[in-house]
Amino acid sequence: MRYLLLIYSEEPTTPPSQEEIDASMAEWWEFDGAIKASAVRLSGDALQNSQTATTVRVKEGERVVTDGPFAETREVLGGYYLIDVPDLDSALDWAARCPGAKYGSMEVRPIQEFEA
């Protein structure tokens with residue numbers, strides 16, 4: 001079954017030091033290597049800062065474009081992993097191993113399968 005692991009965290013208000021970046025990235029590279037080696041990872045990417053987001057809505061038939069993310073919240077979507085595992089428990093195990101769980105939160109959501 002396919003699950004999307006959504007990675008949420010607070011965006012820093014001040015730029016981190018290079019030492020902080022290096023330490024954090026080491027954790028991410030370790031996790032990324034492990035999930036790739038397990039062969040459950042189908043895809044995954046980090047997202048740019050939420051300030052680069054653009055939100056689109058259609059109101060009364062007109063396209064309305066707004067700079068920034070949809071919701072005002074402290075935690076923002078920072079990236080994701082799409083995995084294929086046997087069950088929810090396996091997906092939760094991978095989510096708990098992800099550094100995103102340590103620095104923010106992980107939303108685990110099954111992929112909706114539609115019949116043709």
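**Sheet, covering helix and largest pocket**

In this predicted model, L5 stands opposite Y81, a residue of strand 5. That position belongs to the pairing of strand 1 (2-10) with strand 5 (75-84), two strands that are joined in the antiparallel sense over nine bridges. Strand 1 is also joined to strand 6, again in the antiparallel sense, through seven bridges, and here I7 has M106 in strand 6 as its bridge partner. Strand 5, for its part, pairs with strand 2 over five bridges, likewise antiparallel, and within strand 5 the bridge partner of A46 is G79.

Taken together, these pairings give an open sheet of four strands in the order 2-5-1-6, with antiparallel pairing. Its edges are formed by strand 2 and strand 6 (104-110), each of which pairs on one side only. From one strand to the next, the twist averages 20°. In general, strands of a sheet pair through backbone hydrogen bonds, in either the parallel or the antiparallel sense.

Helix 1 lies across strand 1, strand 2 and strand 5, and its direction makes an angle of about 25° with strand 5. The search for aromatic pairs, carried out over the whole structure, finds two. In the pair formed by F31 and Y81, the ring centres are 5.3 Å apart and the planes meet at 80°; with planes over 60 degrees apart counted as edge-to-face, the pair is therefore edge-to-face. Because F31 lies in helix 1 and Y81 in strand 5, this pair ties together parts that are 50 residues apart in sequence. Y81 is thus the partner of F31 in the aromatic pair and also the residue opposite L5 in the sheet.

At least two lining residues are supplied by each of strand 1, helix 1 (18-37), strand 2 (41-46), strand 5 and helix 3 (99-103). Helix 1 gives the most to the lining, with seven residues, and this is the helix that lies across strand 1, strand 2 and strand 5. By residue class, the lining of the largest pocket divides into 15 nonpolar, nine polar and six charged residues.

Note on methods: Residues are numbered from 1 along each chain as its sequence is written. This is a predicted model: local features need pLDDT of at least 70, side-chain atom pairs count only at pLDDT 80 or more; totals for chains, interfaces and linings use all residues. Side-chain values use heavy atoms; hydrogens and water are left out. Ala, Val, Leu, Ile, Met, Phe, Trp, Tyr, Cys and Pro count as nonpolar, Asp, Glu, Lys and Arg as charged, and the others, Gly among them, as polar. Two strands pair if DSSP finds at least two bridges between them. Axes are lines fitted to C-alpha atoms, for helices over the stretch in contact, and angles run from 0 to 180 degrees between N-to-C directions. Contact means heavy atoms within 4.5 Å. Rings of Phe, Tyr and Trp (its six-membered ring) pair if their centres lie within 6.5 Å; planes under 30 degrees apart count as stacked, over 60 as edge-to-face and the rest as tilted.
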